[in-house]
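Take a look at the protein below. We will walk through it step by step, from single residues to the fold and the space inside it.

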Amino acid sequence: MGEAQEVQLQIMVQEAKEENSPESASVTNQSTLPQRRNYNWWFRVSLYILFLLFGQSVAVILGRMYFVKGGNSKWMATLVQLVGFPILIPYYFIIKLKNPTAYDTCTKPPSVLTLTAIYVSLGLLMAADCFMYSIGLQYLPVSTYTLICASQLAFNSVFSFFLNSQKFTPFIINSLVLLTISSVLLVFNNESANPTRFSKAKYAIGFICTVAASAGSGLMLSLTQLCFRKVLKRQTFKVVMDMVIYQGIVATGVTMIGFFAGGEWKSITREMDEYQMGKVSYVMTLSWTAIIWQVFAIGSVGLIFEVSSLFSNAISVLGLPIIPVVAVFLFHDKMDGIKAISMLLAVWGFLSYVYQHYLDDRKSKAENRNAIEVSKASNTGTSREE
């Protein structure tokens, strides 16, 4: 699922932003913050919010529509989640012009062999992840699929506990419990939640693949954080975008190999002819799915740079209930009591997770302010002695 890639992008860009903001600059930014709250700033933030919500909702809906209207290629559905990454390249240069200091670094970069191993490993994991998400999107109703995807945060917390010394606070534990219960409820709801043409066995396969993909996404986020902290040891915007682009190249290449090696390319012409909405709609559905996933990416990254990763994640939370509600009208998914409770628990789990990051962010900022005040007091005392 393309969302996994974009959440990873959010985390990496936030690390880049923090790494390239020295303590002295943070004081200046605080004093100039009101000046930034002009009409242009609000316009940009509003535009990024629309990009994020629109991209997240429409991309999943289009992905499901591809299967509902006659599409059957899992590799093609996977490819459209990944192949649109070159659209981010112009954004790469726009940010470079706006903030050229984001490219300064004095840290010696890792060897080419090390970078290649990182890009290839994460790219392979991303390709496998998106492929399993495609299976889930094919065999599950959109509402069920979306709610299961919420468990990604729970898996991310578990993997971060082992790889990145993540602390299990009460809010994190609350999030884990709620997201787990939300997914478990859907297991007992397969009778009413499965209006598709597929059997119970395929429904179970879709459920397992979506859970496995969510676990893979959580693992990928934790491994990315570990790579930046232990191997790359720098988070400039250039390094972040290099990670996204090269990783996207590997994932796209692997998916294309699977597409041709699996023989699905042979049935594309027939699939296009039998598509219920026609050949043109077939091409347009796939093309717009690839493009709109990148619209979501631009919205996510834009909000991180203009406001914060917390705000970007909070807006993503707002988009969570949109997809199941839209699916009720477009695909006639049933929104029964169990699924409604599952949705509420998933949203609650999201909010609990985000609130913990809000508390961590406040604590980090308070510690930075204290360190700056101590440093300024020390410098003042030294100047007086001189």
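Is Val83 buried, partly exposed or exposed? Val83 has a relative accessible area of 37%, so Val83 counts as partly exposed. The cut-offs explain the label: buried means under 20%, exposed means over 50%, and partly exposed lies in between. Keep in mind throughout that this is a predicted model.

Where does Val83 sit? Find it in the loop between helix 4 and helix 5 (88-98). Now look for its partners. Not counting residues up to four places away in sequence, Val83 touches Thr252 and Ala290. Ala290 is 207 residues away along the chain. Yet the C-alpha atoms of Val83 and Ala290 are separated by 6.5 Å.

Step back to the whole chain. The protein has 386 residues, and buried residues make up 48% of them. There are 16 helices and zero strands. The accessible surface comes to about 18,500 Å². Carbon and sulfur atoms account for 67% of that surface.

Next, turn to a pair of serines. Ser183 is found in helix 9 (residues 170-187), and Ser342 has its place in helix 16 (residues 337-385). In sequence, Ser342 and Ser183 are 159 residues apart.

What do they touch? Leave aside neighbours within four places in sequence. On that basis, Ser183 is in contact with Ile148, Ser151 and Phe207. Ser342, counted by the same rule, is in contact with Leu147, Ser182, Leu185 and Leu186. Thr144 is another reference point for Ser183: the two are 39 residues apart in sequence and 8.8 Å apart in space, C-alpha to C-alpha.

Phe228 is another buried residue, with a relative accessible area of 0%. Its place is in helix 10 (residues 200-232). The C-alpha atoms of Phe228 and Val240 are separated by 9.2 Å, and the two residues are 12 apart along the chain.

Now the aromatic rings. How many aromatic pairs does a search of the whole structure find? The search finds 12. Two of these pairs are worth a look. Phe260 and Trp265 form a tilted pair, 6.2 Å centre to centre, with 45° between the planes. Why is the pair called tilted? Planes under 30 degrees apart count as stacked and those over 60 as edge-to-face, so the rest are tilted. Phe260 is partly exposed at 46% relative accessibility. Trp265 is also partly exposed, with a relative accessible area of 41%.

Tyr275 and Tyr282 form an edge-to-face pair. Their centres are 5.2 Å apart, with 75° between the planes. Here the rings belong to buried residues. Tyr275 is at 3% relative accessibility and counts as buried. Tyr282 has a relative accessible area of 2% and is buried as well. Both tyrosines belong to one aromatic cluster, made up of Tyr66, Phe67, Tyr275 and Tyr282.

Last, the space inside. Rolling a probe the size of a water molecule over the atoms shows where empty space is left. How many cavities of 30 Å³ or more are there? The count comes to two. The largest cavity has a volume of about 120 Å³. It is lined by 16 residues, and the closest to its centre are Gly63, Ala77, Gln81, Leu137 and Thr289.

Which elements give two or more residues to this lining? They are helix 3 (39-68), helix 4 (74-82), helix 6 (112-139) and helix 13 (279-306). Helix 3 gives the most, with five residues. By class, the lining of the largest cavity has 11 nonpolar residues, five polar residues and no charged residues.

Key
Residues numbered from 1 in each chain as written. Predicted model: local features only at pLDDT ≥ 70, side-chain atom pairs only at ≥ 80, totals over all residues. Heavy atoms only, no water. 1 Å grid on protein atoms, 1.4 Å probe; cavity = no way out; pocket = protein on both sides within 12 Å on 5 of 7 lines; lining within 4 Å. Points joined across faces, edges and corners; volume = space filled by probe spheres on them. Helix = DSSP H or I, 4+ residues; strand = E, 2+ residues; numbered from the N terminus. Nonpolar A, V, L, I, M, F, W, Y, C, P; charged D, E, K, R; others polar. Phe/Tyr/Trp six-rings, centres within 6.5 Å; stacked < 30°, edge-to-face > 60°. Buried < 20%, exposed > 50% of the residue type's maximum accessible area, 1.4 Å probe, protein only. Areas by Shrake-Rupley, 256 points an atom, 1.4 Å probe, with all protein chains shown as cover. Contact = heavy atoms within 4.5 Å.
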